[in-house]
Amino acid sequence: FLYFIGGRSKETHGRILGEKRETPYDPENTSPAMSDMPITQQVMSEYYQRVFPTELVTRWLGYGESASFLSRREFCFTLVGDIFTRFRSYATEAALKAELVRSGPEKIDVGAVYNVAPDKKQTHTLVTVERELVFDIDMSDYDDIRSCCKGKQVCPCCWAWMSTAALVLRDLMENDFGFEHLLPVFSGRRGIHLWVLDTPARKLTDDERNAIVGYCTVIGEKGAINILTDLRFNKPHPSLARVHDAIIAPAFDKLFLTRTVPNPEGEGVIANPNCIFESPAAALVIYNLLLSLESQTQKAADKRVVGISVVVKEGEVWSSDLWESTMKSVGAAGEWALHFAAMYPRLDEKVSTRRDHLLKLPFCVHPGTGRLCTPLEWHSINDFNPKRDPPSISDLLNELGAVPEQWTAPLTRILATLEAERAQVKAEAAGMKAEPATEG
């Protein structure tokens with residue numbers, strides 16, 4: 001598949017990149033800024049009393065269903081002190097708010113809707129009935145290819161992996177599965193969650209969810225690319241070709257081949273810490289990724305001998321000419337494989353395939369950063385700055401007094417559409433019942 005030209009010569013070992021650069025970016029202080037207000041039970045109780053949009057959340061999780069529907073949804077509170085309490089149940093908005101104010105949890109997760117209220121699990125057998133189809137993308141899964149940050153750190157540069165993942169999943173969900181109501185949510189520190197709220201998505205079984213995740217998976221365990229055979233014969237799946245051309249390839253070019261990026265701390269531009277022409281760390285990342293792909297192709301069934309005729313040593317960067325000649329030698333298939341390996345979503349499968357899996361509720365405050373878990377707008381998701389944009393607990397309590405509309409609007413808009421669709425279905429059903437029978 002990777003149509004690299006020949007192997008690496010033992011005598012010359014390829015061409016050496018002689019140009020060296022200083023690392024252009026210091027990753028210190030790239031985590032979302034910690035709130036200056038400590039996360040205590042008293043602080044969180046005040047947040048739930050004054051700020052948390054309980055009405056919007058219960059309106060969402062109730063979906064306009066019967067009175068018992070909300071009571072059958074599992075809530076999980078993590079109380080201050082890392083006390084984890086599952087299988088909570090609340091039948092009304094008032095009941096949920098009262099308990100939030102009383103206990104002041106530092107985190108709220110939600111799970112499935114069960115056959116009975118989950119707090120009755122001691123006397124009843126819980127059977128999952130439904131839950132949203134969800135995806136969880138975590139920045140730490142990209143540590144092997146990030147040069148700007150590591151671990152819990154995140155900056156506007158590496159946010160590109162999160163926004164690209166969300167946009168790819170949106171394309172697949174909408175165009176291949178027909179889902180329409182998708183809510184992207186910043187996790188509060190370094191990840192992104194995607195909630196699919198369509199009724200058919202909520203009704204999916206675990207097996208059906210597993211099939212969808214399998215369909216969407218390209219990056220397997222240990223970074224293995226599971227579409228090598230398709231690419232080797234230049235027959236990528238039409239959906240992958242679509243997301244490659246529209247989303248992945250442009251994102252790769254912007255992240256790895258663009259020399260400067262806007263200064264996240266002020267005006268002007270800075271050197272792009274992920275650019276292979278500027279950052280020795282980034283140059284080595286892409287070189288090692290090419291070597292990994294080479295290794296995978298050597299294990300292919302046709303035993304084709306492939307290789308790359310260039311060596312990147314620590315402290316060196318790519319030149320533009322050498323990059324272009326290397327991409328020319330590997331061909332379109334090799335370039336596509338590199339793009340997918342670097343930019344395609346890396347999924348946490350268990351979050352998506354198991355209906356009883358918990359996921360953090362939007363509008364929580366992340367206990368590690370004090371930042372709000374914020375719904376995002378699709379049209380501006382690429383421009384989101386995880387360090388600057390989400391409000392902190394101190395912002396919410398001392399200045400704002402409410403969750404700003406820019407963060408509630410994405411969910412409010414989806415709920416309005418879902419409610420209009422439900423009203424139309426009910427009206428059509430009522431009209432059918434009202435029509436007089438006609439003689440055959």
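**Close-ups of salt bridges**

View 1. E65, E130, R202 and K203 are linked to one another through a network of salt bridges. Keep in mind that this is a predicted model. Across the structure there are 21 salt bridges, and the next views zoom in on some of them. The general idea is simple: side chains with opposite charges can pair when their charged atoms come close.

**View 2. D171 pairs with R242.** Here the closest N and O atoms of the salt bridge sit 2.7 Å apart. D171 belongs to helix α4 (residues 159–177) and R242 to helix α8 (residues 238–257), so this pair ties together parts that are 71 residues apart in sequence. Is D171 buried or exposed? With 14% relative accessibility, D171 counts as buried, because the cut-off for buried is under 20%. R242 comes in at 29%, so R242 counts as partly exposed.

**View 3. E278 meets R259.** In this salt bridge, the closest N and O atoms are 2.8 Å apart. Look for E278 in the loop between β10 (269–271) and α9 (280–298), and for R259 in the loop between α8 and β9 (260–262); the pair therefore ties together parts that are 19 residues apart in sequence. E278 has 19% relative accessibility and counts as buried, while R259, at 34%, counts as partly exposed.

**View 4. D356 joins up with R354.** The closest N and O atoms in this salt bridge are 3.0 Å apart. How does each partner sit? D356 is partly exposed, with a relative accessible area of 25%, and R354 counts as partly exposed at 42% relative accessibility.

Key. Residues are numbered from 1 along each chain as its sequence is written. This is a predicted model: local features need pLDDT of at least 70, side-chain atom pairs count only at pLDDT 80 or more; totals for chains, interfaces and linings use all residues. Side-chain values use heavy atoms; hydrogens and water are left out. A salt bridge is a side-chain nitrogen of Lys or Arg within 4 Å of a carboxyl oxygen of Asp or Glu. Helices (H or I, at least four residues) and strands (E, at least two) are DSSP runs, numbered from the N terminus. Buried means under 20% relative accessible area, exposed over 50%, partly exposed in between (1.4 Å probe, protein chains only).
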